[in-house]
Amino acid sequence: MQKILLILRSEFWRRARSKAFILATLLVPVFIVLASILPSVFIYLGEQQSDDQTIAVVDETGRLLSALQAEAGDGTRYQFTASDAPADSLRDRVLRGDLDAYLVLPATLLDGEGTPAYFSTESGGMTGPMRLENLIERTVRNTRLTDRNVPDEVRQIMNANLNLSAHTITEEGTEQQSALSGLLGLMMALAVYIAVFVYGQYVMQGVIEEKSNRVVEVVVSSVKPFELLMGKVLGIGSLGLMQMVVWLVLAGAGLTFGGTILALFLDPADLGVAPDASSQAMMEAAGVTLPTVPLSLIFWFIMFFLGGYLLYASLFAAVGSAVEQQQDAQNLLYVVVLPLVIPIIAATYVLQLPNSTMSVVLSHIPFFSPVLMPVRMSATTVPTWEVLIAYALLGATFMVMIWLASRIYRVGIFMYGKAASLSEIARWATRQHG
């Protein structure tokens with residue numbers, strides 16, 4: 001045990017002091033935050049800086065243009081003008097830049113038939129077509145209601161918007177659901193996948209480097225191959241755990257102050273709240289609720305990350321011991337990577353149907369549970385006994401795999417030349433050692 005701890009400390013400090021590790025620990029959260037916020041900021045700035053659009057309207061109904069202008073109001077970016085010119089003429093004016101676009105409203109539109117057609121040289125971005133579509137939809141709907149003499153009280157009822165307040169029931173009580181809860185589950189799945197893959201690669205590269213430099217031949221004269229393998233896996237795993245804890249602390253700070261930051265990009269007038277409204281009131285008016293992350297979910301997220309890392313690191317180490325160069329490992333890596341990719345593909349299904357039979361089964365398979373169990377726990381209330389069973393299966397599988405990996409490792413680190421095949425590796429794992 002003392003030799004394992006000695007190797008653990010050596011692996012941990014040698015990598016923790018590197019500039020690459022320090023920069024990655026500090027910059028990755030910054031990059032994730034910027035990647036999450038900047039698209040919304042650029043969309044907002046793009047809308048603010050967009051010029052007014054002059055749109056010629058071919059109103060075959062003879063009634064919708066005035067209603068459309070009234071519905072748009074004075075502050076809109078759309079300037080609707082009447083036109084009865086043929087399509088070819090309007091098309092040429094758009095191409096010359098005399099018009100930004102033209103809109104055709106078919107004569108049967110008020111009878112529930114036909115589709116408005118919009119012609120422009122630009123796509124309109126992500127929100128432009130949607131805003132114009134909503135404007136036309138409201139105009140047509142209100143005109144139809146007017147034709148049928150629908151009272152204003154009925155219109156108000158039909159136009160009233162309701163926000164569904166969804167809550168999750170737990171044994172401790174209820175808590176409000178957030179639209180970001182699903183995103184949180186996917187982010188946790190990706191974090192486990194990336195961390196396990198990256199640190200597993202570290203283990204494999206370390207084994208290959210020591211084997212290539214013949215350093216391992218000197219080291220194993222003092223320690224057993226199993227102790228060397230276990231110390232290396234635990235040392236790099238400790239490094240990953242520390243990095244994960246740092247990222248979780250930064251994520252917690254982001255959730256704590258995220259509401260205040262997001263409120264800076266919202267306009268109180270658009271939300272119908274007072275100009276001096278608090279950031280929390282603006283977020284509630286905007287229908288945005290930042291998720292609260294239970295401590296139990298954070299705990300099990302870390303535990304499954306550790307379990308998953310230990311399981312896959314032992315496999316990466318076995319692959320590293322069976323080859324002499326990094327490029328030789330590519331032919332064997334698919335055996336390790338495939339079980340790691342499958343749960344990422346299944347994560348959206350588990351997030352959507354967390355209590356289905358398939359989700360329950362997949363989240364208990366040891367090679368999948370490090371990714372899928374935290375996803376299930378973020379989407380529903382998973383009984384504690386299910387979590388414990390999944391973790392026990394993961395722990396037992398790790399013990400079996402580290403035992404097999406050590407048997408492969410003790411033979412593979414002294415083998416040079418061509419990379420071993422899967423059948424040869426299987427023989428190393430099952431052969432009797434004297």
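Two strands count as paired if DSSP finds at least two bridges between them. Keep that in mind as we walk through this predicted model, starting with a pair of strands. Strand E1, residues 53-59, is joined to E2 by five bridges, and the two run parallel. Within this pair, Val-57 stands opposite Ala-82 in E2.

Now zoom out to the sheet these strands belong to. It is an open sheet of four strands in the order E2-E1-E3-E4, with mixed pairing. Strand E2 (78-82) and strand E4 (117-120) stand at the edges with a single partner strand each, so one side of each has no neighbour in the sheet. From one strand to the next, the twist averages 25°.

Helices pack here too. Helix H3, residues 64-72, packs on the sheet and touches E1, E2 and strand E3 (101-105). The direction of H3 makes about 165° with that of E2. Helix H4 (residues 87-96) lies across E1, E3 and E4, running at about 155° to E3.

Is Phe-119 buried or partly exposed? Its relative accessibility is 36%, so Phe-119 counts as partly exposed. Leaving out neighbours within four places in sequence, Phe-119 is in contact with Asp-100, Ala-101, Tyr-102 and Val-104. Take Val-104: it is 15 residues from Phe-119 in sequence, and their C-alpha atoms are 8.5 Å apart in space.

Next, look for charged partners. The structure holds four salt bridges. One of them links Asp-147 and Arg-63, with the closest N and O atoms 2.5 Å apart. Asp-147 lies in helix H5 (residues 128-147) and Arg-63 in the loop between E1 and H3, so this pair ties together parts that are 84 residues apart in sequence. Asp-147 is partly exposed, with a relative accessible area of 34%, and Arg-63 is partly exposed at 38%.

Because Arg-138 lies in helix H5 and Glu-71 in helix H3, the pair ties together parts that are 67 residues apart in sequence. Arg-138 is partly exposed at 33%, and so is Glu-71 at 29%.

Arg-96 and Asp-98 also form a salt bridge, at 3.1 Å from N to O. Here Arg-96 counts as exposed, at 57% relative accessibility, while Asp-98 is partly exposed at 45%.

Ile-22 sits in helix H2, residues 19-49, and is partly exposed with a relative accessible area of 40%.

For a contrast, go to Ala-405 in helix H16, residues 384-412. Buried means under 20% relative accessible area; Ala-405 has 3%, so it is buried. Not counting residues up to four places away in sequence, Ala-405 touches Leu-229, Ser-314 and Ala-318. Leu-229 is 176 residues from Ala-405 in sequence, yet 8.5 Å away in space, C-alpha to C-alpha.

Finally, step back to the whole protein. There are 17 helices and six strands, and buried residues make up 38% of the 434 residues. Of the contacts with a separation of 6 or more, 72% are between residues 24 or more positions apart. The accessible surface comes to about 24400 Å², and 61% of it belongs to carbon and sulfur atoms.

Terms used
Residues are numbered from 1 along each chain as its sequence is written. This is a predicted model: local features need pLDDT of at least 70, side-chain atom pairs count only at pLDDT 80 or more; totals for chains, interfaces and linings use all residues. Side-chain values use heavy atoms; hydrogens and water are left out. Buried means under 20% relative accessible area, exposed over 50%, partly exposed in between (1.4 Å probe, protein chains only). Contact means heavy atoms within 4.5 Å. Accessible areas come from the Shrake-Rupley method with a 1.4 Å probe; for residues, only the protein chains shown count as cover. Axes are lines fitted to C-alpha atoms, for helices over the stretch in contact, and angles run from 0 to 180 degrees between N-to-C directions. A salt bridge is a side-chain nitrogen of Lys or Arg within 4 Å of a carboxyl oxygen of Asp or Glu.
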